[in-house]
Amino acid sequence: AQYGGRITDDLDRELFTTYAAKWFCDDIFKTNFTFNTYASEYNYKIPEGLEIQHYREAIETIPSVDSPLIFGLHPNADLTYRLKEASEMMSTIVETQPKDAGGSSGKSIDEI
């Protein structure tokens, strides 16, 4: 694994070499190049031009939530992530509820 940007073993080196060969080349500067290789509403690409305003405008168009496909994941990965997050949130809420009855006026954990 990579820790702090360091390549720590042979597998890291192989992964880095693979990514570098794919993404660190002159092709990424071509006008028809996109980082995503699938049909999408948004095409991830390097903006044309050198003006800062042009880059700011391009940044404003980037989706706030990326598709799992851009990372090479199946679309269900997003669903799995959201289900896991919701489950952890519910567990946290239940765990923060009072543990003892403390009186008869409030609801017990089982009633919640």
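Colleague: Before we start, what should I know about the model and the numbering?

Modeller: Residues are numbered from 1 along each chain as its sequence is written, and because the model is predicted, local features need pLDDT of at least 70 and side-chain atom pairs pLDDT 80 or more, while totals for chains, interfaces and linings use all residues. Side-chain values use heavy atoms, with hydrogens and water left out.

Colleague: Ok. How many helices and strands does the protein have?

Modeller: There are 3 helices and 2 strands, and along the sequence they run β-β-α-α-α. Helices here are DSSP runs of H or I with at least four residues, strands are runs of E with at least two, and both are numbered from the N terminus.

Colleague: And what share of the residues is buried?

Modeller: Buried residues are 8% of the 112 in the protein. Buried means under 20% relative accessible area, exposed means over 50%, and partly exposed is in between, with a 1.4 Å probe and protein chains only.

Colleague: Let's switch to pockets. What volume does the largest pocket have?

Modeller: About 270 Å³. A pocket is an open set of points on a 1 Å grid over the protein atoms alone, where a 1.4 Å probe fits, with protein on both sides within 12 Å along at least five of seven lines; lining residues have an atom within 4 Å of a point. Points are joined across faces, edges and corners, and the volume is the space filled by probe spheres set on them.

Colleague: Which residues lie nearest its centre?

Modeller: K45, I46, P47, E48 and A58, out of 17 lining residues. By class, that lining has 10 nonpolar, 4 polar and 3 charged residues. Nonpolar covers Ala, Val, Leu, Ile, Met, Phe, Trp, Tyr, Cys and Pro, charged covers Asp, Glu, Lys and Arg, and the others, Gly among them, are polar.

Colleague: Tell me about A58, where is it and what does it touch?

Modeller: A58 is in helix α2 and is partly exposed, at 22% relative accessibility. Not counting residues up to four places away in sequence, A58 touches Y42 and P47, where contact means heavy atoms within 4.5 Å. A58 and P47 are 11 residues apart in sequence, with their C-alpha atoms 6.5 Å apart.

Colleague: And the second largest pocket, which residues line it?

Modeller: Among them are W23, F35, N36, Y44 and I70. The volume of that pocket is about 200 Å³, and the lining splits into 7 nonpolar, 2 polar and 2 charged.

Colleague: What does its side chain reach?

Modeller: The N36 side chain reaches the backbone oxygen of Y42 at 3.2 Å and the backbone nitrogen of Y44 at 3.0 Å. Those are polar contacts: N or O pairs within 3.5 Å, one able to donate a hydrogen and the other to accept it, with sequence-adjacent residues counting only if both atoms are side-chain atoms.

Colleague: Last one, I28. What is I28 in contact with?

Modeller: Leaving aside neighbours within four places in sequence, I28 contacts W23, F33, F35 and I46. I28 is buried, at 10% relative accessibility.
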